[in-house]
Amino acid sequence: MAANPNPHDFFEASRGPAADAELHRKLENASGRHLEHVAHTAAEFAPYESERDRSRQIKEYAIAHLDELILELKSRLEANGCQVYFAPDAEAARGYIVGLARKNKLRRVVKGKSMTTEEIGLNHALAEAGLEVTETDLGEYIVQLRGEPPSHIITPAIHLSKEDIGKLFADKLHMEYTAEPEALTAEARMRLRSIFLDADLGVTGVNFAIAETGTLVIVENEGNGRLSSTVPDTFVAVMGIEKVIPRLSDLSHFLEILARTATGQKLTTYTSLINGPRRDGEIDGPREMHVVILDNGRSAMLEDPVMREALYCIRCGACLNVCPVYRRVGGHAYGSTYPGPIGSIVSPNLFGAAAGHLPFASTLCGACRDICPVRIDIPRILLHLRWKETEGPMSAGIKWPGAAMRVRAGARAFGSIARHPRIARMFGRLASIALAPLSRDGWIRRMPPPFSAWTKIRDFPKPRPRRFRKPARPG
């Protein structure tokens, strides 16, 4: 399963999903329930807003002192018995893990949920090297059976109904069809249990890495992350450089807000703190532990005073659930490992020109900023990336000269009209007259060029005969 986004236009790729009523129903049901749970758990926790502020302060400090904290983390990890590898890019990270598997003659891999390993395309690389790779998070397991990437960074199978999953299990696992979630979960659990016991390599992501103690923190709800990190003899944790936080005492602030915004829970079911491989006298845990610390474009984000705020992200996924664009088209339309608002700002830096269109895949409504647990100003960063696209060279080498010229010309034309009220009113009257014959039942189904793109997937309201600024007649 490739990690890099397909070099396609989001707006072209979103046509099918935007017209898929069944997909809309699934996304609205899932995201709607999520937002209700988030609102409830946040409202009943009085310090929620102050915890958001404190968590942002910690991330701001951590990113500002990232060079120092990463070195401290490395030192502590190595003192704890871990082997640490700094990977400058996805290819280096894949090469290190594949080389480790070959060196130790490992064959069966179990993976806890990890968007970072999706980012580097690890599954495909391991499979090409002859290893059997199994995703053990239930949602990831489902999309792996379907041969597709996750549609959401927290809920990979958000685009599927229980009936879809029942048909999938009947087809792929040869079980009798059922749409009962309990029966489907039990079937997956039974099959995964034996895979865990036979695995010789475990791979997970990392939610937080504590520089002070060299502790890796894995937060999840199914126990698969804990099994992946403790049952196999060899364990590899893959983390982006931004996951580091300074002190153990900082962790509690993130645990208070992460579950509440990610899943609407007070606390996730499993929070594992891993300090190193198995020690003498201990009965479980890996005998060999490796930590791959990944850059892959993050240093470039760090150098940009606006973009560095994106590194505060704790991957809760809440911005996806509240985003009107994501809720309309789902994650696959983005063509990137990271969809939704957060994906639109990090993908161009992680994947380059293939994701250059994503900063424009937003309404800039600000809902993502309002729900973000660390208050990342995503609309501001999106505007910054759009400016870099139209006015200056993108740091990742993205350049669309033709699109940039059209955007600049359109903005100048709109600015000229907006500065002259009489001209604006004249254009308004002309538009009302010209569009009236095209309307039906108060809506325009097809707009003429250059506005025809608007009505490809939505209707336009018929212009009102009375101007907005003209007062109504008395009586």
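The model is predicted, so local features need pLDDT of at least 70 and side-chain atom pairs count only at pLDDT 80 or more, while totals for chains, interfaces and linings use all residues. Residues are numbered from 1 along each chain as its sequence is written, and side-chain values use heavy atoms, with hydrogens and water left out.

Let's start with helix 5, residues 66-79. Helices here are DSSP runs of H or I with at least four residues, strands are runs of E with at least two, and both are numbered from the N terminus. Helix 5 has 14 residues and spans 20 Å from its first C-alpha to its last, close to the 20 Å expected at 1.5 Å a residue (that is, 1.5 Å times one less than the number of residues). Leu66, Leu69, Ile70, Leu73 and Leu77 are buried in this helix; buried means under 20% relative accessible area, exposed over 50%, and partly exposed in between, with a 1.4 Å probe and protein chains only. Seen down the axis of helix 5, the buried residues fall within an arc of 100°, so they line one face; the arc is taken from the directions from the helix axis to the C-beta atoms. On the face turned away from that buried side you will find the exposed residues Asp67, Leu71 and Ala79. After helix 5 comes Gly81, with a positive phi near 100°.

A salt bridge here is a side-chain nitrogen of Lys or Arg within 4 Å of a carboxyl oxygen of Asp or Glu. Glu78 is partly exposed at 37%, and Lys74 is partly exposed at 24%.

Now step back to helix 4, residues 48-64, where Arg52 and Glu49 lie three residues apart. Their side chains meet in a salt bridge at 3.1 Å, N to O. Arg52 is buried at 5% relative accessible area, whereas Glu49 is partly exposed at 39%. Arg56, also in helix 4, reaches across the chain to Glu309, 253 residues away in the loop between helix 14 and helix 15.

Finally, look at the open sheet of three strands, ordered 11-12-13 with antiparallel pairing. Two strands pair if DSSP finds at least two bridges between them. Strand 11 (439-440) and strand 13 (460-461) are the edges, each pairing on one side only. Trp443 has Pro461 in strand 13 as its bridge partner.
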